[in-house]
Amino acid sequence: MQIFNSLTRKKEKIIPHTPGKLSMYTCGPTVYHYAHIGNLRTYIMEDVLEKTLRAEGLDVTRVMNITDVGHLTSDGDTGDDKMLKGAKREHKTVMEIAKFYTDAFFVDCVKLNIKRPDIIQPATKCIDEFIKVISALMDKGYAYEAGGNIYFDTSKLKKYYVFGDVTEEDLEVGVREGVEADDNKRNKADFVLWFTKSKFDDQELKWDSPWGIGYPGWHIECSCISMKNLGEYLDLHCGGIDNQFPHHTNEIAQSEAYLGHEWCPYWFHVHHLNTSGGKMSKSKGEFLTVSLLEEKGYDPMVYRFFCLQSHYRKTLTFDWENLNNAKGAYEKLVARVAAVLKQDGYTPYKGEDATVKMLEEAKSETDKTGQQTFIKADVIYDEFLDCLSDDLNTAQAITVMYDLLKADIPKYYKLMAIEKMDKVLGLRLIERAEQLIKKEQDDQSDIPADIAELVAERREARKAKDFAKADEIRDKLAELGWEVKETREGTKVYRK
Ligand code: AMP
Ligand code: ZN
């Protein structure tokens, strides 16, 4: 698989450190509030990335941290402590807030069909690990104590700005924009590894350390949690584009200083979800959540589909019209899958095992050119995977899925290919199509006897080519509040 590697700013094939295996690290949520749908765009795209890598046959181990300490409102170690802010807002303890919003995050992930990472680790459970790495950085001369805090000394590195699109001047702008500069730092880019002199007297979570009682900085969390669980060589690191600087830049600085060699060669960054007012962010107060979309009647799958229609390296603008368009397109796609299920009579889809006999029989089906049609399913699936393997082109992959739906392929081969594709896209297509069919069946079984009688009469009239009578009955049904539709499966009526 090729991705655009933010580190080299080129599309590159991912070659894992250990052939056949791939270690993947994801920056997890800061659990002081609900995740907004912008955060979730990042997690959806990372989920499709992980599932594509698995579909390509790699044995993926994915680790995610939960930031429950150390993240200040400015990523450059200034501002308020986000967790403390959440606890004050809700008159709860920091740990109560962390538990509540961690659970809420994973509920959202289930709704959006985002796979749970193999290992999830809250920062507060890894304090010993942070102290071990910070001590080693002190011993190696990469860290210093000033004003009671421990800082990473960026001047000790050959190259600090590894992602290339930020400069020291950008940092100065950050300082001028109203956050106070930290006079303890030897260099502007230095960052805190361990706080002991906290400006937050009411800081709840504190631990003993060789440098006094305090708590870790945000950046050290991810380096340590990754190294602890995935070893010295990480293959792929993911996050939202805002994490590139300073968070990921600092992660690389401290990890490589600690290890003495390159740490992670591939970096995947998802661009932001914006509203018309700019980047969606938790600190702005008003933001959209999955639950809010549900309250407004949107299936979370519609939001997933909305995300997959755009490339992850483009900023995506959210508005209700765009979401409604995605809703329409998603419902059409589900209806197309339902049509495949209904072909030659509907039976619930039970997967490959239940259909072996049908698959054998269908092998003999040929198209006009004499080619066996079942073969096309594999060819189209390979095309689909090629789109995703080329820097995760999800929109193109969806187009290829439509090619599959249109193609002359035996029913169960088509369904199996849909199932395989959807294992990666995660749109719950077969499940939703079966729900749609069930709903249609329920609607039809819920018809009063007098209405059913009129429908039967109309059917007879049409059979006898008495269209005037058929029209008359249709109008009568309309007066009674029923709409008639001619479908492939015959005449149906629906409440208007
Ligand atoms: P946080 O909970 O703030 O630590 O962020 C969790 C993840 O969401 C990180 O990977 C961020 O980079 C990402 N993120 C934050 N805001 C947005 C946004 N508006 N659009 C997409 N991703 C975002
Ligand atoms: Zn991180």
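## A first look at this predicted chain

The protein chain contains 17 helices and 18 strands, and its C-alpha atoms fill a box of roughly 95 × 50 × 35 Å along the principal axes. Of its 496 residues, 52% count as buried.

**Confidence and overall build**

- The pLDDT of the protein chain averages 90, and 91% of the residues score at least 70.
- Residues 173-178 have a pLDDT below 50, and beyond near neighbours in sequence this stretch has two contacts in the model.
- Where pLDDT is low, the predicted coordinates should not be read in detail.
- Among contacts between residues at least 6 apart in sequence, 75% join residues at least 24 apart.

- One open sheet has four strands in the order 8-9-10-11, with antiparallel pairing.
- Strand 8 (143-146) and strand 11 (215-216) are at the edges of that sheet with a single partner strand each, so one side of each has no neighbour in the sheet.
- Strand 10 (residues 191-195) pairs with strand 11 in the antiparallel sense over two bridges.
- Another open sheet has three strands in the order 15-14-16, and its pairing is mixed.
- Here the edges are strand 15 (278-279) and strand 16 (316-317); each has a single partner strand, so one side of each is left without a neighbour in the sheet.
- Strand 14 (residues 273-275) and strand 15 run antiparallel and are joined by two bridges, with Thr275 opposite Gly278 in strand 15.

**Salt bridges**

- The count of salt bridges comes to 30.
- Glu46 forms a salt bridge with Arg62, with the closest N and O atoms 3.3 Å apart. This pair links distant parts of the chain, since Glu46 is in helix 1 (residues 37-55) and Arg62 is in strand 4, 16 residues apart.
- Glu46 counts as buried at 0% relative accessibility, and Arg62 counts as buried at 1%.
- Arg62 also forms a salt bridge with Glu50, where the closest N and O atoms are 2.7 Å apart. Glu50 lies in helix 1, 12 residues from Arg62 in strand 4, and Glu50 is buried with a relative accessible area of 0%.
- Lys327 and Glu331 meet in a salt bridge of 3.2 Å, N to O. They are four residues apart in helix 10 (residues 320-342), so about one helical turn separates them.
- Lys327 is partly exposed at 24% relative accessibility, and Glu331 is partly exposed at 43%.
- Salt bridges that share partners join Glu46, Glu50, Arg54, Arg62, Lys115 and Asp118 into one network.

**Asp68, a buried charge**

- Asp68 is in the loop between strand 4 (59-66) and strand 5 (72-74).
- Asp68 is buried but has no salt bridge, and the nearest side chain of opposite charge, Lys125, is 5.6 Å away.
- The side chains of Asp68 and Thr124 are joined by a polar contact of 2.5 Å.
- Beyond neighbours within four places in sequence, the contacts of Asp68 include Val31, Met83, Pro122 and Leu205.

**Cys126**

- Cys126 is in the loop between strand 7 (119-122) and helix 4 (127-139).
- Cys126 is buried, because its relative accessible area is 3%.
- Leaving aside neighbours within four places in sequence, Cys126 is in contact with Gln121, Ile225 and Lys228.
- The C-alpha atoms of Cys126 and Glu295 are separated by 37 Å, and the two residues are 169 residues apart along the chain.

Note on methods: Residues numbered from 1 in each chain as written. Chains lettered and ligands numbered in written order. Predicted model: local features only at pLDDT ≥ 70, side-chain atom pairs only at ≥ 80, totals over all residues. Heavy atoms only, no water. Buried < 20%, exposed > 50% of the residue type's maximum accessible area, 1.4 Å probe, protein only. Lys, Arg positive; Asp, Glu negative; His and termini not counted. Salt bridge = Lys/Arg side-chain N within 4 Å of Asp/Glu carboxyl O. Polar contact = N/O pair within 3.5 Å; in protein donor to acceptor, adjacent residues only side chain to side chain. Contact = heavy atoms within 4.5 Å. pLDDT = per-residue confidence, 0-100. Pairing = 2+ DSSP bridges.
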